[in-house]
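Hi everyone, thanks for making time this morning.

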Amino acid sequence: MKKTAFSLAAMAVLVAAAGAVHAQSNVTVYGLLDVGVDNTSNASPSKGSVSHVSSGGMNTSRWGIRGSEDLGGGLKAVFNLEGGILMDTGAADGALFKRQAYVGLEGSYGRLVLGRSFTTVYDFVLPFDPMGYAPYYSWATSANASGPSKYGMTTAFDNLVKYSGKAGDFKFGASYGFGEKSTGAQDSAKFSSGVTYTAGPVSLLATYERVNGDSIAGGARDKTTSYHLGAMYNEGPWKVQAVARDYKLDPAAAGKPDVRGTLYWGGVSYLTTPQVTLTGVIYYQDVKNVAANTDADPIMYVARVRYALSKRTDLYVAGAYAKAKHNQLVSLSRDDAGFDNTQRGVIAGIQHRF
């Protein structure tokens, strides 16, 4: 109760402060509220179906405060504080500002921030996922969540320094997360980088990420790396996106095999009217370097209809089906376990932005 009261008090103070300084700088209180009702098969050890009210169908619910101050000469100070919300219970989704908490500078040479924020890879890959990292249903950040590894990317770094810039048709960026370990600067250090090129309706993507573990006896450490290559065509009512991610875990312990997986996805979105968007996507994970007949190689098919009631409010219905090989487990959601080699799901919800 004390923690809850403190969090509520902190929110109230911050909102009041945002209003007080509005006249001196550009400060905005914003949020995205997304909640729906879903049904998922094979969602329990007994392989039964489960229905519940879910927070975040198309996007994770969140609220935040962001702003900037003009410092003159084209330079401005920027900041962002953002936390998640569980709309089904009203509780905080993690720490108060676990999503983002940074301050920095922005000018003609780009943007530099320090604190906690989404990684450069996360930022750059997002526009190339037809489902936009939807909790229901996208594997773009983590792939099938029910296997021994998510074969995914890191969504955010603590202790971060992050830069983004633009030159002509190119956008580029990099972020570094300090490990802050006394055993060495590289222990738990993280690096993320990306570049996109856009010419007319065509955009191309390339990213690289490396995440270090801590040193063990002998000085070795776990290391994960991931690469993305992608393309997008966006013309008129049509948008076509395709991406491949290669993931590799190099274990520090001797005798352990590398963990490897390549995720592919491709999708099409079509704006049938100014209000209705149809989206279809296929995600496929090629699991590598595992024992015979233990590779799940899961595949997921997704379809979604989105109806815009206004510029800020949408209704949506999405359905998905996933299947894994060799009787391995599969899950539609990156956050929930699966209990069989297939799973079906459907969700209907509403999203409002303020």
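A quick definition before we start: Lys and Arg count as positive here, Asp and Glu count as negative, and His and the chain ends are left out. What you see is a predicted model. With that way of counting, the protein carries 34 positive and 28 negative charges, and their mean positions lie 2 Å apart.

Now the overall build. We have 2 helices and 18 strands. The radius of gyration is 21 Å, close to the 20 Å that the globule rule gives for 354 residues, so the protein is as compact as a globular protein of that length. If you box in the C-alpha atoms along the principal axes, you get roughly 65 × 55 × 55 Å.

How much of the protein is buried? Of its 354 residues, 41% count as buried. The accessible surface is about 17300 Å², and carbon and sulfur atoms account for 60% of that. As for contacts between residues at least 6 apart in sequence, 55% of them join residues at least 24 apart.

Let's go inside. The largest nonpolar core has 35 residues, and Val-125, Tyr-137, Trp-265, Tyr-283, Met-300 and Val-302 have the most contacts within it. Two or more residues each come from α2 (120-125), β14 (259-271), β15 (276-288), β16 (299-308) and β17 (313-323).

Do click on Tyr-283 for me. Setting aside neighbours within four places in sequence, Tyr-283 touches, among others, Tyr-137, Trp-139, Trp-265, Ile-299, Met-300 and Val-302. Its contacts also include Asp-129 and Ser-138.

Note on methods: Residues numbered from 1 in each chain as written. Predicted model: local features only at pLDDT ≥ 70, side-chain atom pairs only at ≥ 80, totals over all residues. Heavy atoms only, no water. Helix = DSSP H or I, 4+ residues; strand = E, 2+ residues; numbered from the N terminus. Rg over C-alpha atoms; globule rule 2.2 N^0.38 Å. Buried < 20%, exposed > 50% of the residue type's maximum accessible area, 1.4 Å probe, protein only. Contact = heavy atoms within 4.5 Å. Areas by Shrake-Rupley, 256 points an atom, 1.4 Å probe, with all protein chains shown as cover. Charge placed at Lys NZ, Arg CZ, Asp CG, Glu CD. Core = buried A, V, L, I, M, F, W, Y, C linked by side-chain atoms within 4.5 Å.
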